[in-house]
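The structure is shown first, and the description follows.

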Amino acid sequence: MTKNGVWDLVELPEGAVAIGCKWVYKTKIDASGNVERYKARLVAKGFTQKEGIDYHETFSPVSKKDSLRIIMALVAHMDLELHQMDVKTVFLNGDLDEEVYMKQLEGFNDDIT
């Protein structure tokens, strides 16, 4: 993660509040019930932030099943092409307007250089 520039280890500025984080682990199992692989992901505890202080707005695009059915019907009726994309990780690559500070992981002993 350090090589990919996922985060920068910095001193917490005066007046800034650092949010916590935790590891989330998941075991991927194949069709026959055997363990295929183990996955781990670091998650920020964003629920501790306060609207108007730590962030100003949120937006989460979602669609209803009825909307999807109408789109599918229009595509079929008008003989159009439909492209689908996975938006499960859409927020991972979003641009933030605010600075977000996260507490250092427990057991992570890297000094600021």
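In this predicted model, a nonpolar patch is made of residues with over 30% relative accessible area and no salt bridge, nonpolar side chains being joined within 5 Å. One such patch, of about 370 Å², is made by Leu68, Ile71, Met72 and Leu82. Leu82 lies in the segment after H1. Its relative accessible area is 47%, so Leu82 counts as partly exposed, since that class falls between under 20% for buried and over 50% for exposed.

Attention now turns to the charged pairs. Side chains of opposite charge can pair when their charged atoms come close.

| Salt bridge | Closest N and O atoms |
|---|---|
| Arg37 and Glu36 | 3.1 Å |
| Asp66 and Arg69 | 3.5 Å |

Arg37 pairs with Glu36. Arg37 has a relative accessibility of 39% and therefore counts as partly exposed. Glu36 is likewise classed as partly exposed because its relative accessibility is 49%.

The salt bridge between Asp66 and Arg69 belongs to helix H1, which spans residues 65–78. Its two partners are three residues apart, about one turn of the helix. Asp66 and Arg69 are both exposed.

Definitions and conventions
Residues numbered from 1 in each chain as written. Predicted model: local features only at pLDDT ≥ 70, side-chain atom pairs only at ≥ 80, totals over all residues. Heavy atoms only, no water. Salt bridge = Lys/Arg side-chain N within 4 Å of Asp/Glu carboxyl O. Buried < 20%, exposed > 50% of the residue type's maximum accessible area, 1.4 Å probe, protein only. Helix = DSSP H or I, 4+ residues; strand = E, 2+ residues; numbered from the N terminus. Patch = residues over 30% accessible without salt bridge, like charges linked within 9 Å, V, L, I, M, F, W, Y side chains within 5 Å. Areas by Shrake-Rupley, 256 points an atom, 1.4 Å probe, with all protein chains shown as cover.
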